Amino acid sequence: MDYLHDVVVVGAGLSGLRVAIELADSFDVVVLTKVHPLRSHSVAAQGGINAALRPDDSWESHAFDTVKGSDYLADQDVVEVLARNAPLAVIENERWGTAFSRTPDGRIAQRPFGGAGFPRTCYAADRTGHNLLHTTYEQALRRGVHFYEEWFVTSLVRCGDRVCGVTALKIPTGQVHGIGARAVVIATGGFGRIYGNSTNALINTGDGAAVCLRTGVPLKDMEFVQFHPTTLYGSNILITEGARGEGGHLLNADGERFMQRYAPEKMELAPRDIVARAIRTEIIEGRGFEDGYVHLDLRHLGADRIKERLPGIREICIHFAGIDPIDEPIPVVPGQHYSMGGIDCNVRGETVLSGLYAVGETACMSVHGANRLGGNSLLETLVFGRVVGQAVGEYLKSASSPDSAAVDEQVFSERQRLQRILMRERGESPATIRKAMHRAMDEYAGVFRDAEGLTHAFREIGRLRERYQKVALGDSDERFNYALIRTLELGNMLDLAETIVLGALKREESRGAHWRTDFPARDDKRFLKHTLITKTAEGLKVTYKDVTLGRFEVKERTY
Amino acid sequence: MMFRVARSRKGGQVTHYDLYKVSAEKGMTVLDALFQIQDLMDPSLAFRYSCRGAVCGSCAMLINKVPMLACRTQILELPDLSVRLRPFSALENIPSGWDPKNEVLVEPLPNLPLLKDLVVDMEPFFKALRKMRLWVEPEEGDSPRSQSPEDRQRISRYVNCILCALCYGSCPVNAEHPEYVGPAALAKAWRFYNDTRVAEPERYLEAAKAPNGAPLCDLVMNCVRVCPKGVAPGGAIRKIKDLM
Ligand SMILES: Cc1cc2nc3c(=O)[nH]c(=O)nc-3n(C[C@H](O)[C@H](O)[C@H](O)COP(=O)(O)OP(=O)(O)OC[C@H]3O[C@@H](n4cnc5c(N)ncnc54)[C@H](O)[C@@H]3O)c2cc1C
Ligand code: SF4
Ligand code: FES
């Protein structure tokens, strides 16, 4: 065992940093991250963070919107913790220095967001994630949080029913090390890059969730993948919902504001799944532009408002699409955006293994159910980063030291596994397999799904997983071997792709972001349940678990 | 389209340049081209990346002798991108054989130790944040502070810094004085000094005025020209100097 700490936090996005801050004063915490903390995907969040801050808003109303938005699949006890603690999380970050946008009388400004009954999304222009992440990182530095930067976690070390550390590849040297720990927190973010068309950073490959799956920890609700309605045509860079929150219109090729046919009341601000399906339908039925996009028109907002509220969006359009939204409408298409599913854990982040915790986008507590509301996931990282940090602190009071022999054994077998990949001289290129995975997922596990397509995708992913066993990198170096990193990431994504497709195939209903054209109705009798997928010696096992209800009655979801 | 890419297996210095033929498409960025090289031609090529949307600050490098973000640089627009910078050796030394008309030249960001190929050691750049303690000392309290939109606006451009280090890599003073904290750290100090919510603003100004800070700046303004986020660190440094 090369390293020993009380806690290893894997991931330095908002959730990992917030956990570390909670624990740093009392314990030996190290945050391990495959990129510098400020390069984590949290930095890219644009639109904002939800909190009921005003006297005429309430946490109950925030909780209700979240539960309804989730198509009643969210666990209501978890949602309650989220909504109740939201103001505290926002205020804490404001007091740490985040430069939120302001109302004329100096309060934190809030904008309307999809699926919300009140304008409760706090924002820092359209760079909210950037502001929150830089501020939270500053506070982690202030507290002297210890980082292992550019370390890539390859596996969890399990000893019986508990976790006792991780193995990680130190990217600058290419060496695999064992890090023993009494507790491990997985905060590795989303896994959008399983899809070809995604708003996510290129590093969002779900390593933490895949490592958990391989260690026997169940994944929950993996079939629920959010497709954002408005991503820039071509690069799929996100065009924030804030653009519609500020009053942007969606237009088809006939110049029609088509949302009036899908959600007459909320129009462009209906929840994401509904708007994404509407856009796809317009395109499929031939009312899109050229080979398939619609327009997001901001021109009527005027240059001043665009420059003040949406400067980042304007920059993105200019640099990545060559258009200025002050003068021209933005070409948009739906694209993968958020992973509702993830590592099965409870409201304290606890998983089936003692000492193993999950938090942030990679976790599934479940606070977003079948569809996440915009502005709720930045919130999730900060609220539950604190909650999970506290839970880990309590656990550490009685947790014993890790078993160093188990760590050493695991390091040995991980070194062998990586050596096998590196030594293979001939074989298929990872890029070919990655492309085929993207095609299968975009085509058959996207906005619209059916049994035939999903069955096809399931077989295809199975074949790709086999081909992956014979993948060869070609000549590369030990140090900074990014080709190896990307190959390991591909292996992780293939494992997760299989669970997404399997969960989607088995869920014979339509709920939230999961839309089955062959089962277009919600089926509460059979499926008001969480899907759990566990890897066993016999293969993937699918089971179901009840949803925690209690506060809000399950109803039909209309907007 | 041909790419001439600086290589350094062991770090330290560029040992040679490799030439690759990239098939260029509309909308393709320099970062896309580097991935094409890594995927199809040379898996050993090392470079950093994350967001591919010019927000994370990972991919700063020297492209045709101009410090730029690889992910924000469209390769078909490269010929039109000319930025007038005060030269220093890393910007002036042309590798032998480079044909600027037909080849895109990609090199590591100057002024930081080279680790491998296009990967540089960012530690000297980030160290300044810790040494100058560029963070807020939070005071107890359970409500948000008030700030007028005008006061928020005053720090807006500095808050937008993504800490990509393009300014650091473009600065002739950084090239000569490795101890210089660099433009971004000074702009960040100025941001805290001007934040009406901060309790002890003087401490940031003092940190910026230290001998390895603003006094070393010659107001060359390369930083202002290369910054991808309009932060204009040079403007902040000028104001710091005015208070000295
Ligand atoms: C474009 C975009 C815009 C968004 N806008 C909003 C918004 O306006 N409001 C909102 O609420 N939500 C938004 N979201 C969602 C939100 O940003 C994310 O859900 C959230 O930031 C995730 O934070 P995280 O801490 O869980 O993970 P991340 O910030 O993704 O961090 C993951 C960390 O894990 C590390 N890591 C991963 N794998 C490994 C490994 N193998 N070894 C070591 N380290 C590893 C990474 O280095 C990184 O530090 C947006 C998402 C996208 C894609
Ligand atoms: S000031 Fe500009 S160039 Fe310098 S680090 Fe910040 S964003 Fe990059
Ligand atoms: S990859 Fe994030 S700035 Fe270029």
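Reply: A residue is called buried when its relative accessible area is under 20%, exposed when that area is over 50%, and partly exposed in between. The model is a predicted one, and this scale is used for it throughout.

Take the pair A:Glu350 and A:Arg348 to begin with. Their side chains meet in a salt bridge, with N and O 3.2 Å apart. A:Glu350 has a relative accessibility of 27%, so it falls in the partly exposed class. A:Arg348 is partly exposed as well, because its relative accessible area is 30%. Elsewhere, salt bridges that share partners link several residues of chain A into one network. Over all chains, the count of salt bridges comes to 69.

Other pairs have buried partners. A:Glu94 forms a salt bridge with A:Arg102, and the closest N and O atoms are 2.8 Å apart. With a relative accessible area of 0%, A:Glu94 is buried. A:Arg102 reaches 9% relative accessibility, which means that it counts as buried too.

What about a pair that crosses between chains? A:Glu150 and B:Arg48 make a salt bridge through their side chains, at 2.7 Å from N to O. A:Glu150 sits in the loop between strand 6 (146-149) and strand 7 (151-159) of chain A, while B:Arg48 belongs to the loop between helix 1 (30-41) and strand 3 (60-63) of chain B. A:Glu150 is at 10% relative accessibility and therefore counts as buried. B:Arg48, at 16%, is also placed in the buried class.

Now the helices. Two packed helices are described by the angle between their axes and by the distance between those axes. In chain A, helix 13 (residues 451-468) packs against helix 14 (residues 482-506) at an angle of about 155°, with the axes 9 Å apart. Angles over 145 degrees count as roughly antiparallel, so helix 13 and helix 14 of chain A are roughly antiparallel to each other. The crossing of helix 13 of chain A with helix 14 of chain A is left-handed. On the side of helix 13 of chain A, the residues in contact include A:Leu454, A:Phe458, A:Ile461 and A:Tyr468; from helix 14 of chain A come, among them, A:Leu488, A:Leu494, A:Val501 and A:Leu505. Sorted by class, this contact of helix 13 with helix 14 of chain A holds 15 nonpolar, three polar and three charged residues.

Chain B has helices with buried residues of their own. In helix 4 (residues 149-159) of chain B these are B:Arg152, B:Ile155, B:Ser156, B:Tyr158 and B:Val159. Their cover includes helix 4 (128-142) of chain A, along with helix 7 and helix 10 of chain B. Helix 8 (residues 202-209) of chain B has B:Arg203, B:Tyr204, B:Leu205, B:Ala207 and B:Ala208 buried. Helix 7 (183-193) and helix 10 (233-242) of chain B are among the elements that cover them.

B:Val224 lies in helix 9 (residues 222-226) of chain B and is partly exposed, at 33% relative accessibility. Leaving aside residues up to four places away in sequence, B:Val224 touches B:Ala232, B:Pro233, B:Gly234 and B:Gly235.

Notes. Residues numbered from 1 in each chain as written. Chains lettered and ligands numbered in written order. Predicted model: local features only at pLDDT ≥ 70, side-chain atom pairs only at ≥ 80, totals over all residues. Heavy atoms only, no water. Salt bridge = Lys/Arg side-chain N within 4 Å of Asp/Glu carboxyl O. Buried < 20%, exposed > 50% of the residue type's maximum accessible area, 1.4 Å probe, protein only. Helix = DSSP H or I, 4+ residues; strand = E, 2+ residues; numbered from the N terminus. Axes fitted to C-alpha atoms, helices over the stretch in contact; angles between N-to-C directions. Parallel < 35°, antiparallel > 145°, perpendicular 65-115°, else oblique. Left-handed = near helix turned anticlockwise from the far one by under 90°. Contact = heavy atoms within 4.5 Å. Nonpolar A, V, L, I, M, F, W, Y, C, P; charged D, E, K, R; others polar.
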